[in-house]
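Subject: Handover of a structure and the findings from it

Dear colleague,

Please find below the structure that I am handing over to you, together with its sequence. I would be grateful if you would read the notes that follow with the structure open beside them.

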Amino acid sequence: MHISRKFTHALLALAALVITSQMAFAADPGLVYPADSELSDQKAGSVLVYNIYTSSIATPNTQNTRINITNSNQNSAAFVHLFFVDGATCGVADSLICLTANQTMSFYAADFDPGVTGYIVAVATNGVTGCPINFNFLIGSEYVKFASGHEARLNAEAIAAVAATPAACDANTVAATLAFDGVSYNRLPRVLAVDSIPDRASGNDTLLIVNRIGGSLLTSAAAIGPVFGLLFDELERPASFNFNASVCQFRSSLSNNFPRTTPRFETIIPAGASGWMKFWGTSDVGIVGSVINFNPNRGTSAQAFNGGSNLHKLTLSAAGTLTIPIFPPSC
């Protein structure tokens, strides 16, 4: 009986230790979001991609972006390396921010990178070395507005680290490569889609934004390259198109000028109709993007709407990589 009581006490102590340990790693209710679930704008990650940011030096009140980033971990600080990629030149500027546990932060593109339009990559790093780490607690969003009238609230695309150590890196490393292969980090999309494209005859102007996530951010981001796509009308009839995007961010309104189809866009999607499209790089590249619609008749027509969303992901690529510079956070 004496041995049995000791055994019982030992079991109780072990159970308490296990519960305490579990609470330390799962401080919130429910199950942890699986790290190997693919890139999404609805989860947390170790890398965030903001598909579009812009600002005007002269009139930031009409063209600007509010960037929001949150550390959802209630125990640990986040050290985040931000990369601002110029969509036209693919040149890169960077900055560092530090978030305490449970902290959220907002800043404006006009204050950080005025007069530039592009996309942002945010990478969770080690607070001492600056190396990329597994820290799947970053979430983010943005409010973007253009002088053209296009505006939307868009969530940041979250890429989770799958491996415990997602990139080869140590205190002596000057550059590290993030592999979006499903082993180190989540894979990137290869085929993207725009659903329910409205007609231009009703006043709609749909802005398409596509980003290539790749290259070396020590020098410049990689260009998208040749793209092939299909535009479908309401009767499921496709019209193919192609273009060569020699930039890392491609932006264009959908119209008779783009994409170049036969017949033209406004014939495929006439007044009162809608359509959809899908496209992909002819080489195996990882792409993400958004679509923003502007209709000046929103206040006078029951059928006119403004807003935007991130593009749908139809297939994935395991070939994407991104090289970033490594240095200790200064914040």
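Several of these notes say how far a residue is covered: buried means under 20% relative accessible area, exposed means over 50%, and partly exposed lies in between, using a 1.4 Å probe and protein chains only. Cys90 is buried by this rule because its relative accessible area is 6%.

Two remarks on the origin of the values are in order. This is a predicted model, in which local features need pLDDT of at least 70 and side-chain atom pairs count only at pLDDT 80 or more, while totals for chains, interfaces and linings use all residues. Residues are numbered from 1 along each chain as its sequence is written, and side-chain values use heavy atoms, with hydrogens and water left out.

The chain as a whole

The protein chain has three helices and 22 strands; helices (H or I, at least four residues) and strands (E, at least two) are DSSP runs, numbered from the N terminus. Along the principal axes, the C-alpha atoms fill a box of roughly 90 × 45 × 40 Å. Of the 331 residues in the chain, 46% are buried. A contact means heavy atoms within 4.5 Å. Among contacts between residues at least 6 apart in sequence, 77% join residues at least 24 apart.

The chain carries 17 positive and 21 negative side chains, and the centres of the two sets lie 4 Å apart. In this count Lys and Arg are positive and Asp and Glu negative, while His and the chain ends are not counted; the place of a charge is taken as NZ of Lys, CZ of Arg, CG of Asp or CD of Glu.

Salt bridges

The structure holds five salt bridges, a salt bridge being a side-chain nitrogen of Lys or Arg within 4 Å of a carboxyl oxygen of Asp or Glu. One of them joins Glu157 and Lys313, with 2.9 Å between the closest N and O atoms. This pair links distant parts of the chain, since Glu157 is in strand β9 and Lys313 in strand β21 (residues 312-317), 156 residues apart. Glu157 is buried, at 0% relative accessible area, whereas Lys313 is partly exposed, at 28%.

A salt bridge also forms between the side chains of Glu266 and Arg200, at 3.8 Å from N to O. Glu266 lies in helix α3 (residues 265-268) and Arg200 in the loop between β11 (188-198) and β12 (205-212), so the pair ties together parts that are 66 residues apart in sequence. Glu266 is partly exposed at 35%, and Arg200 is partly exposed at 26%. Another salt bridge brings together the side chains of Asp233 and Arg237, at 2.7 Å from N to O; Asp233 counts as buried, with 12% relative accessibility.

Individual residues

Leu48 lies in strand β1 (residues 47-53). Is Leu48 buried or exposed? Leu48 is buried, because its relative accessible area is 0%. The C-alpha atoms of Leu48 and Glu157 are separated by 5.5 Å, although the two residues are 109 residues apart along the chain.

Phe327 is placed in the segment after β22 (320-325) and is partly exposed, at 33% relative accessibility. Its C-alpha atom is separated by 9.2 Å from that of Asn172, 155 residues away along the chain.

Ala164 is in the loop between β9 (157-159) and β10 (175-180). With a relative accessible area of 69%, Ala164 is exposed.

Backbone details

A cis peptide bond joins Phe258 and Pro259, with omega about -5°. The peptide bond from Thr262 to Pro263 is also cis, with omega near -5°. Pro259 is found in the loop between β17 (249-253) and α3, and Pro263 is found in the loop between β17 and α3.

Cys90, in the loop between β3 (78-86) and β4 (92-99), has a phi near 70°, a positive value in a residue other than glycine. Ser196 in strand β11 has a positive phi near 50°.

Yours sincerely,
A colleague
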